[in-house]
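Hello,

Here is the structure I promised to pass on to you.

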Amino acid sequence: MTKTRRQLQKEQTRKHLIETAFRQFAQHGFITVRTADIAQAAQVSHGTVFAHFATQEALFNAVIEEFGLRISRRLHELAVGNRGLREVLEAHLKGLREFEAFYTRWVVESRVLPDSTRDTFTIVQSTISFHISQAAEREMDAGEQIPIPVHLLFNTWIGLLHYYLANDDLFAPEGSVLERYGQELLEHFMRLIKAR
Amino acid sequence: MDRMKICVACGMPMTEVADFALGDVEKDYCVHCMRPDGTMQSYEEKLDSLSALIVRTQGLDQGVARNAARNMMARLPAWKVDEADEGTD
């Protein structure tokens, strides 16, 4: 089915708005950025933003869905290749590093975001955890890692990352927390779960 | 493969032939949303399995997980109508 020029243009504007919002949220946070700021940064009218996203919440969700899609695509490619847990976690770190500023804002502000926005993120995290669990369970079955329920394995890993990200001003005030500590955290986590 | 679809039932990106129900790239739903006979799971079946996935992968409270699953399904093409009929539980 061929799309009309108008449909294509509409899709492009939507994409452009999501990209702009992505950058604005990463830079200033979810709560402080107004839809008017996004319209201005995207160089469109305020009405155009509302034509695509009826509410600010709808825009939050669209941006988070896009973030989730990008991260899970990367992990999905790896998971189907029967990669090891270390490689999948490395891919997770690499994916997060690309969106570190955005992701950190989410870690810090999630409690005050609308419920539906948090739900969207829950689904994204489940997808990530699922990919990690596929690799982890293969290694647990092979006796290489100690058996740990999937949710605890994931929460231990994510808890470590989120603690460093939420306190990035203490750990890496002038740069990327994941660049500075990512590898060390990964090594530490792998040592924790390694079968004795 | 050059095509990339999103499963209408769970939202999973389908990039490999093996991702599609019955390995059929014409299908709009993924292998995880397929019943043993190849048809697509019902709204209730999907809601149950998605909620269970959230609990298994993240350990969230069951009610929270169910709400998150329902909220996400409401935005997928396959469930827009069913969700409205579903009411609350």
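For chain B, the mean pLDDT is 85, and 87% of the residues reach at least 70. Of the elements of chain B, helix α1 (residues 43-58) has the highest mean pLDDT, at 95, while helix α3 (residues 80-86) has the lowest, at 54. Where pLDDT is low, the predicted coordinates should not be read in detail.

Now to chain A. The C-alpha atoms of chain A fill a box of roughly 60 × 45 × 25 Å along the principal axes. Chain A has 196 residues, and 47% of them are buried. Its accessible surface is about 10400 Å², with 49% of that belonging to carbon and sulfur atoms. If you take the contacts in chain A between residues at least 6 apart in sequence, 73% of them join residues at least 24 apart.

One helix pair is worth a look on screen. In chain A, helix α1 (residues 5-28) packs against helix α6 (residues 100-109) at an angle of about 60°, and their axes lie 8 Å apart. The crossing of α1(A) with α6(A) is left-handed. Which residues meet there? From α1(A) come A:Phe22, A:Phe25, A:Ala26, A:Gln27 and A:His28, and from α6(A) come A:Ala101, A:Phe102 and A:Arg105. By type, the residues of this contact divide into five nonpolar, two polar and one charged.

Finally, do find A:Thr122, which sits in helix α7 (residues 115-141) of chain A. Is A:Thr122 buried or exposed? A:Thr122 counts as buried because its relative accessibility is 12%, and the cut-off for buried is under 20%. Leaving aside residues up to four places away in sequence, A:Thr122 touches B:Ile54, B:Gln58, B:Leu60 and B:Ala68.

Best wishes

Note on methods: Residues numbered from 1 in each chain as written. Chains lettered and ligands numbered in written order. Predicted model: local features only at pLDDT ≥ 70, side-chain atom pairs only at ≥ 80, totals over all residues. Heavy atoms only, no water. Axes fitted to C-alpha atoms, helices over the stretch in contact; angles between N-to-C directions. Helix = DSSP H or I, 4+ residues; strand = E, 2+ residues; numbered from the N terminus. Left-handed = near helix turned anticlockwise from the far one by under 90°. Contact = heavy atoms within 4.5 Å. Nonpolar A, V, L, I, M, F, W, Y, C, P; charged D, E, K, R; others polar. pLDDT = per-residue confidence, 0-100. Buried < 20%, exposed > 50% of the residue type's maximum accessible area, 1.4 Å probe, protein only. Areas by Shrake-Rupley, 256 points an atom, 1.4 Å probe, with all protein chains shown as cover.
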